Each structure stands twice: as C-alpha cells, then as structure tokens.
Amino acid sequence: MEPETVQQAAVPAKIIKSKIGRVVGDKMDKTIVVAIESFRRHPVYNKRVRRTRNFKVHDETNQAHAGDLVRIVESRPYSKQKRWRLDAILERGEEIKVEA
C-alpha cells in the first residue's frame with residue numbers, strides 16, 4: 001500500500017489593517033491617542049458628516065507627539081484598550097492646542 005499524501009491548501013497571507021491619522025494625545029508613557037477621521041453621507045439630508053474615532057496606540061519609543069500624522073497597524077492586545085501599534089510617522093506637525 002502506498003502512503004497517502006496530504007496536500008495542504010495554500011494559506012493566504014494575513015491582511016494587516018492599517019489606518020492613517022493625527023496624534024491628539026501623547027501624555028501617557030508608551031501610548032498615544034490617534035484620531036481617525038472619516039466622512040459618511042447622511043441618509044436623509046445627503047450631507048457629508050465627519051466621524052472621528054480615537055484609537056489608543058502603542059508607541060514603544062515615545063517618538064510621536066501631538067500634531068504628527070502617523071500610520072498605525074493592527075496588532076496583538078497590549079492592554080484593555082490598546083490594539084494598535086505605531087508603524088511610521090509620516091509628517092511632523094505642530095502641537096495641537098486644546099482649550100478647556
């Protein structure tokens with residue numbers, strides 16, 4: 001009897017999700033807050049509505065600062081809220097002043 005050969009199906013490479021956004025907070029150690037803006041069409045009024053989501057992002061070397069344009073990628077959970085890590089700083093920006 002011949003041994004059966006097992007053929008493994010070709011497993012596609014994992015698609016890594018990435019987003020581009022602006023750093024709005026860098027007060028925490030090894031963590032930044034990145035705001036991602038998206039535009040959606042309002043179902044009734046047909047006007048573009050801006051939607052903003054904030055993501056907590058792991059920044060191992062504390063190199064990103066408020067106002068920077070960054071690319072983040074999905075990664076393993078670092079904490080309860082951190083599921084993204086800093087991939088690259090695309091553009092250095094001026095610090096955003098938040099009035100309280």
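Reader: How many strands make up the closed barrel, and in which order do they run?

Author: The model, which is predicted, contains a closed barrel of five strands in the order β1-β2-β3-β5-β4, and the pairing is mixed. From one strand to the next, the twist averages 45 degrees.

Reader: What holds strands of a sheet together in general?

Author: They pair through backbone hydrogen bonds, either parallel or antiparallel.

Reader: How many residues lie between the strands in the hairpin of β1 and β2?

Author: That hairpin has five residues between its strands, and K30 takes a positive phi near 60 degrees there.

Reader: And on to β3: how many bridges pair β2 and β3?

Author: There are 11 bridges between β2 and β3, and the pairing is antiparallel. A35, the residue opposite R22, has N54 as its bridge partner in β3.

Reader: Which residue in the turn of the β2 and β3 hairpin has a positive phi?

Author: It is N46, with a positive phi of about 55 degrees; six residues separate the two strands of this hairpin.

Reader: Which way do β3 and β5 run, parallel or antiparallel?

Author: They run parallel: two bridges join strand β3, residues 48-58, to strand β5, residues 84-91. On this side, V57 stands opposite W84 of β5, and H58 stands opposite R85 of β5.

Reader: What is the bridge partner of V73 in β5?

Author: V73 is partnered by R85, the residue of β5 that H58 also stands opposite. The strands β4 and β5 run antiparallel and are joined by six bridges.

Reader: That leaves β4 and β1. How many bridges pair them?

Author: Five bridges pair strand β1, residues 18-25, with strand β4, residues 69-74, in the antiparallel sense. Here R22 stands opposite L69 of β4, while in β2 it stands opposite A35.

Reader: A change of topic, then: how many salt bridges does a search of the whole structure find?

Author: The search finds five.

Reader: Finally, the surface. Which residues form the positive patch?

Author: The positive surface patch is formed by K14, K17, K19, R40, R51 and R53.

Key: Residues numbered from 1 in each chain as written. Predicted model: local features only at pLDDT ≥ 70, side-chain atom pairs only at ≥ 80, totals over all residues. Heavy atoms only, no water. Pairing = 2+ DSSP bridges. Helix = DSSP H or I, 4+ residues; strand = E, 2+ residues; numbered from the N terminus. Axes fitted to C-alpha atoms, helices over the stretch in contact; angles between N-to-C directions. Patch = residues over 30% accessible without salt bridge, like charges linked within 9 Å, V, L, I, M, F, W, Y side chains within 5 Å. Areas by Shrake-Rupley, 256 points an atom, 1.4 Å probe, with all protein chains shown as cover. Salt bridge = Lys/Arg side-chain N within 4 Å of Asp/Glu carboxyl O. Lys, Arg positive; Asp, Glu negative; His and termini not counted. Charge placed at Lys NZ, Arg CZ, Asp CG, Glu CD.
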